[in-house]
Amino acid sequence: MNIPLLDLKAQYQSIRSEVLSAIETVCDEQGFILGPKVTEMERSVAAYVGTAHAVGVASGSDALLLSLMAVGVGAGDEVITVPFTFFATAGAISRLNAKPVFVDICGDTFNMDPSLIEQAITPRTKAIIPVHLFGQCAEMESITATAKRHGVAVIEDACQAIGAKRHGVMAGAMGETGCFSFFPSKNLGGFGDGGMVTTRDQALHDAMAMLRVHGSHVRYLHERIGINSRLDALQAAVLQVKLKYLDRWTQGRRRNAAQYERLFKEAGLNDRVTLPTTEKGNEHVFNQFTVRAPQRDALRAYLKDKGIGTEIYYPVPMHVQTCYRELGYRKGSFPVSEQTAEEVLSLPIYAELTGQHLSYVAEMIAAFYRSR
Ligand SMILES: *Cc1c(COP(=O)(O)O)cnc(C)c1O
């Protein structure tokens with residue numbers, strides 16, 4: 001059996017004609033930059049997430065960058081985030097000549113450990129970026145409470161978490177801004193790069209809407225130095241179609257996660273492989289189904305040989321990346337992140353997987369450990 005980590009073709013087949021006709025409309029109109037399609041998608045995402053505003057941008061990375069610019073992060077400022085994330089989270093901070101200050105994660109949820117934030121705050125701290133990793137919200141109540149006490153902004157990296165909720169509130173509606181990515185492998189994926197920033201704050205909305213067009217409100221008059229970062233009308237048209245199906249696809253991911261849980265238990269894998277835990281109050285959207293596995297690299301090679309695609313998200317934490325040598329961290333600075341990077345393995349979880357696929361994955365993992 002051949003089971004890739006993600007199969008976008010199956011999803012595309014199910015909505016092909018609808019998507020092609022949406023693309024055709026944009027082509028017929030020849031309006032590619034901003035305009036009604038982008039505005040419509042911004043309104044849809046704002047309504048979905050439950051914020052008053054949303055700004056369509058070119059990528060999730062730019063959603064983070066524009067958020068930081070809008071809340072006033074600049075050279076010499078510090079922004080607190082986690083080392084166990086995709087590079088973009090830390091990269092956006094550094095692009096503004098600000099300094100990423102890392103705090104370790106919780107071993108069970110893979111998300112920011114809120115008990116470590118307080119001691120990382122200095123007079124230069126301007127913002128905190130919790131990451132809702134793999135599709136589960138970070139502990140936002142403690143994070144926003146600490147941020148409020150110190151007068152710093154919270155920017156949610158919700159790039160993997162569209163549709164996730166914490167105590168009934170959507171990811172992206174809890175911080176000053178929420179950053180989303182429409183990279184094809186995300187739960188709501190476009191046909192290329194794209195992103196969105198949500199916010200409840202009119203002033204932040206206005207700032208980001210201006211900053212994404214070179215800091216210009218009135219054409220050729222520049223109030224701030226911005227960037228060029230817009231969601232393409234073509235992407236907006238595709239995403240508008242796909243948004244209708246998002247909750248159904250999320251249900252499919254949850255169903256698959258529940259089935260893995262049952263299958264792993266039946267196969268006696270519970271004392272070998274640690275399955276992802278969903279914290280009380282969280283509704284997980286499983287952008288990834290990430291387990292901790294002993295002999296991880298050998299398991300990965302074995303599964304590859306059996307036709308099963310997996311990935312390591314993420315093998316090298318930010319604080320030990322070559323480009324961050326100057327920050328002065330070393331191996332040992334963030335033990336939970338470091339151990340996690342050595343143990344994690346993400347398994348196929350997309351909605352179109354069948355019961356047979358899931359059983360095969362569980363069987364092959366069980367076979368691997370039996371052979372050891
Ligand atoms: C995907 C992702 C991003 C960046 O999104 P792009 O659209 O690829 O720029 C940022 N943070 C996290 C956690 C992500 O998973």
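1. At what angle do the axes of α3 and helix α6 cross, and within what distance do they come? The axes cross at roughly 120° and come within 9 Å. Helix α6 covers residues 202–211. This is a predicted model. Angles from 65 to 115 degrees count as roughly perpendicular and those over 145 as roughly antiparallel, with oblique for what falls between. α3 and α6 are therefore oblique to each other.

2. The α3 and α6 crossing is right-handed. On the α3 side, the contact uses L66, S67, M69 and A70. On the α6 side, it uses L204, A207, M208 and L211. Seven of the residues in this contact are nonpolar and one is polar. No charged residue takes part.

3. Helix α3 (residues 60–70) also packs against helix α4 (residues 87–95). Their axes come within 9 Å. The crossing angle is roughly 40°. Angles under 35 degrees would count as roughly parallel. α3 and α4 are therefore oblique to each other. The crossing of α3 past α4 is right-handed.

4. Which residues of α3 meet α4? They are S61, L64, L65 and L68. Their partners in α4 are A88, T89, A92, I93 and R95. By class, this contact holds six nonpolar residues, two polar ones and one charged one.

5. Now the pair α1 and α7. Helix α1 spans residues 8–29, and helix α7 spans residues 233–243. Their axes lie 9 Å apart, at an angle of about 140°. An angle has to be over 145 degrees to count as roughly antiparallel. α1 and α7 are therefore oblique to each other. α1 passes α7 in a right-handed crossing.

6. From α1, the contact takes in Q11, I15, E18, V19, A22, I23, V26 and C27. From α7, A233, L234, A237, V238, V241 and K242 take part. Eleven of these contact residues are nonpolar, one is polar and two are charged.

7. Turn to the ligand. How many residues are around it, and which come nearest? There are 15 residues around the ligand. G60, S61, Q160, S181 and K186 come nearest. S61 also belongs to the α3 residues that meet α4.

8. A ligand nitrogen atom sits 2.8 Å from a side-chain N or O atom of D157. A ligand oxygen atom is 2.8 Å from a side-chain N or O atom of Q160. For S181, the distance from a ligand oxygen atom to a side-chain N or O atom is 2.6 Å. Q160 and S181 are also among the residues that come nearest to the ligand.

9. Backbone points to inspect. Where is the cis peptide bond? The bond from Y313 to Y314 is cis, with omega near 5°. Y314 is placed in the loop between α9 (296–305) and α10 (335–343).

10. F110 is not a glycine, yet its phi is positive, about 70°. The residue F110 is found in the loop between β3 (99–102) and β4 (125–129).

Notes:
Residues are numbered from 1 along each chain as its sequence is written. This is a predicted model: local features need pLDDT of at least 70, side-chain atom pairs count only at pLDDT 80 or more; totals for chains, interfaces and linings use all residues. Side-chain values use heavy atoms; hydrogens and water are left out. Axes are lines fitted to C-alpha atoms, for helices over the stretch in contact, and angles run from 0 to 180 degrees between N-to-C directions. Helices (H or I, at least four residues) and strands (E, at least two) are DSSP runs, numbered from the N terminus. A crossing is left-handed if the near helix is turned anticlockwise from the far one by less than a right angle, and right-handed if clockwise. Contact means heavy atoms within 4.5 Å. Ala, Val, Leu, Ile, Met, Phe, Trp, Tyr, Cys and Pro count as nonpolar, Asp, Glu, Lys and Arg as charged, and the others, Gly among them, as polar. A residue is near a molecule or strand if one of its heavy atoms lies within 4 Å of it. A polar contact is a pair of N or O atoms within 3.5 Å; within protein, one must be able to donate a hydrogen and the other to accept it, and residues adjacent in sequence count only if both atoms are side-chain atoms.
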